[in-house]
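Work through the exercises below with the sequence and the coordinates open. Each task is followed by a stepwise solution.

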Amino acid sequence: MTMAGHDRSSLRKVRLYGVLIGLLGLMMLPFYAMFSSTLKPESEIFAAPATLVPSDPSVQAYLQVWTQTDVLLWVGNSFIISVGTVVLTLLLAIPAAYSCARNDFVGKRTFLLSVLVVQMFAPVVLIVGLFDVISQMGLFNTYLAVIVPAAAFTLPFNVWMLYGYFKTIPVALEESARIDGASQLQILTKIVLPLTKPALVASVTYTFLYAWNRLLFVLTFLTDSAKYNIPRGVFSMVGALQTDWRMMLTVSVIGIIPLLILFAFLEEYIVAGMTAGAVKE
Amino acid sequence: MSLAEEYTETSDNSRLERGLAYVQRNSRAYLLIAPAAVFLLAVVGYPIIETFRLSLYQSPADSNIETFVGLQHYVEIFNSDIFYRLLWQTGRWVVAGVAGKTLLGLLIAVHLKGDIRGRKFFRTAFLIPWGIPYAISAVVFRWIEHPQFGYLNAILLKLGIIEQGIGILGNPSLAWLGVVVADIWIGTPFMAIIFLAGLQSIPQELYEAAAIDGAEKWHQFRYITLPQLKSVVLIATLLSTIWTFVSFDVIWTMTGGGPISSTATLVIHIYQVGLQNGNLGRGAAYSVIGFLFLFVFAIIYLRIYTRGGDEL
């Protein structure tokens, strides 16, 4: 490579990283605004114009948040709702996906396409009808009122994800297990599911995140504030007249910490899940 | 079914027995999809029918009295100014949002494509906004855009662009932009990741050949990247269109549809009318109209998704 060429390629590198860091900075700005505000004392957060760097940073807000808000309760509820949704979705999705991957039967195509259509039907346009159903089933104000619709709308992704994956597992493996006398259930739990681990992790992550993040169902079907999840809790802190911004932002930071941890460890699976959900390989 | 059974079944040529075995084999397949199918019918199928039915009734949420009114809701909706304002505001919201997400996503993906240092770090970092609750992103943007204490005003003042703090979300002609920015921020990571996956599946030889022919970077992008990425862009923007169309949490948390309904979209109106004001019948009629839009998107999506039809 000539000297000029070398200069040009390193210049290109500088530009590339410059643009990337610039874009990243732009994307991170809201996090900075959120986090830096929680480090300000009460007097500084209500300073106009805002100070871009906290002049006297303290973790006081994080100490106050435990006594002044229900943040722990909301995080706990979010866990209950997310775990419940994951369990219900998998219980429904695994048999269905397995059946479609291993059998050819009349109606399979219809089933799979209908499932795909469900994914298109966003909950919010269904919310009026859903409201009626939830009240009729007597689920109103129970965790199930949130878990049931969340499971319905995460089911499509799970069925398709697992269906695609099950198909890649050789039937021969299952047949030899069958010869050894393993039952259908044993084959599924001891052979197929362990092999499906990557797809399962993606499914669980997607479903968990979906249920963790949703405001609509909790807003509509849970009036009991003791069952609020994190988004609903944060929303409830937006006052009509006055909002305690400092506490609200602090709750927000705490509410996203579990997700940041999840992201750090499962980034690959999340990406795999996102792409599998949208673009067929 | 045991292997032995299968064996006898294939060796026996009696039509009846083969038929029976076939049904038996299928019954297990049906049994396994039954829970999911029944569940979806109950939680999605039935509400759809219920929504259509409700849309023909005058039905307040707090009472059991329903009066059949036929198509009255639809007639009133199509004759109202609100409906056309909602259409305009929804269209503006979707077009601006999807365009922003697509362009920014493409920009990020193109820069992440190469063999760069710390790609995993960048990819994770860019992904985070997508993964956190929309309601939290919404309050953070609400805070940034706060008329007195917000960071946006502080920055604009410092740069000398404005002389006085402005309240974006309180201004009926600006508020929708304040919300769109938050929505773009939330939706861009998805686009970036999908585009990145698409970019990485483009054969490298195409670029090498073009480079030998002396093609400029921009020409490579224009004549190789874009055409190769076409189907991925199509799917991603279509999905994004659907999601933006039905987006609820962000608008609801940031403005509740206000000020003076300037940020309300069709779905926000469904919620306001049907659940907040308790007019289930009218809300249901708006929902049915929303369905029709989604239905069109869904058909286009299915067409593209099942193109070739070999996958099923």
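**Exercise 1.** Classify Arg53(B) by its relative accessible area, and do likewise for its salt-bridge partner.

Solution. 
- Step 1. This is a predicted model, and side-chain atom pairs are counted only at pLDDT 80 or more.
- Step 2. Arg53(B) has a relative accessible area of 31%. Buried requires under 20% and exposed over 50%, so a value in between is called partly exposed. Arg53(B) is therefore partly exposed.
- Step 3. The partner is Glu50(B), with 3.2 Å from N to O. At 4% relative accessibility, Glu50(B) counts as buried.
- Step 4. Both residues belong to helix H2 (residues 15–54) of chain B, three residues apart, about one turn of the helix. In general, an α-helix has 3.6 residues a turn, so residues three or four places apart point the same way.

**Exercise 2.** Which parts of chain B does the pair Glu76(B) and Arg282(B) tie together?

Solution. 
- Step 1. The two side chains form a salt bridge, at 2.1 Å from N to O.
- Step 2. Glu76(B) is in helix H3 (residues 72–78) of chain B and Arg282(B) in helix H13 (residues 280–305) of chain B, so the bridge links parts 206 residues apart in sequence.
- Step 3. Glu76(B) is partly exposed at 34%, whereas Arg282(B) is buried at 18%.

**Exercise 3.** How far apart in sequence are the parts tied together by Glu174(A) and Arg102(A)?

Solution. 
- Step 1. The salt bridge between Glu174(A) and Arg102(A) has an N to O distance of 2.6 Å.
- Step 2. Glu174(A) lies in helix H8 (residues 171–179) of chain A and Arg102(A) in helix H4 (residues 71–102) of chain A, so the parts joined are 72 residues apart in sequence.
- Step 3. Glu174(A) is buried, at 1% relative accessibility; Arg102(A) is partly exposed, at 22%.
- Step 4. Over all chains, the count comes to ten salt bridges.

**Exercise 4.** Describe the interface of chain A and chain B by contacts, area and polar pairs.

Solution. 
- Step 1. Contacts involve 106 residues of chain A and 103 residues of chain B.
- Step 2. The two chains bury about 9500 Å² between them, with 78% of it on carbon and sulfur atoms. On the chain A side, Met27(A), Met120(A) and Met274(A) lose the most area to chain B, together 8% of what that side buries.
- Step 3. There are 14 residue pairs in polar contact across the interface. By class, the chain A side that touches chain B has 81 nonpolar, 13 polar and twelve charged residues.
- Step 4. The salt bridges between the chains number two. One of them joins Glu267(A) to Lys120(B), with the closest N and O atoms 3.7 Å apart.

**Exercise 5.** How many residues of helix H12 (residues 266–276) of chain B are buried?

Solution. 
- Step 1. The count is ten of eleven, including His269(B), Tyr271(B) and Gln272(B).
- Step 2. After H12(B) comes Gly278(B), with a positive phi near 70°.

Key: Residues are numbered from 1 along each chain as its sequence is written. Chains are lettered from A and ligands numbered from 1 in the order in which they are written. Side-chain values use heavy atoms; hydrogens and water are left out. Contact means heavy atoms within 4.5 Å. Buried area is the accessible area (1.4 Å probe) that two parts lose on being put together, summed over both. A salt bridge is a side-chain nitrogen of Lys or Arg within 4 Å of a carboxyl oxygen of Asp or Glu. A polar contact is a pair of N or O atoms within 3.5 Å; within protein, one must be able to donate a hydrogen and the other to accept it, and residues adjacent in sequence count only if both atoms are side-chain atoms. Ala, Val, Leu, Ile, Met, Phe, Trp, Tyr, Cys and Pro count as nonpolar, Asp, Glu, Lys and Arg as charged, and the others, Gly among them, as polar. Buried means under 20% relative accessible area, exposed over 50%, partly exposed in between (1.4 Å probe, protein chains only). Helices (H or I, at least four residues) and strands (E, at least two) are DSSP runs, numbered from the N terminus.
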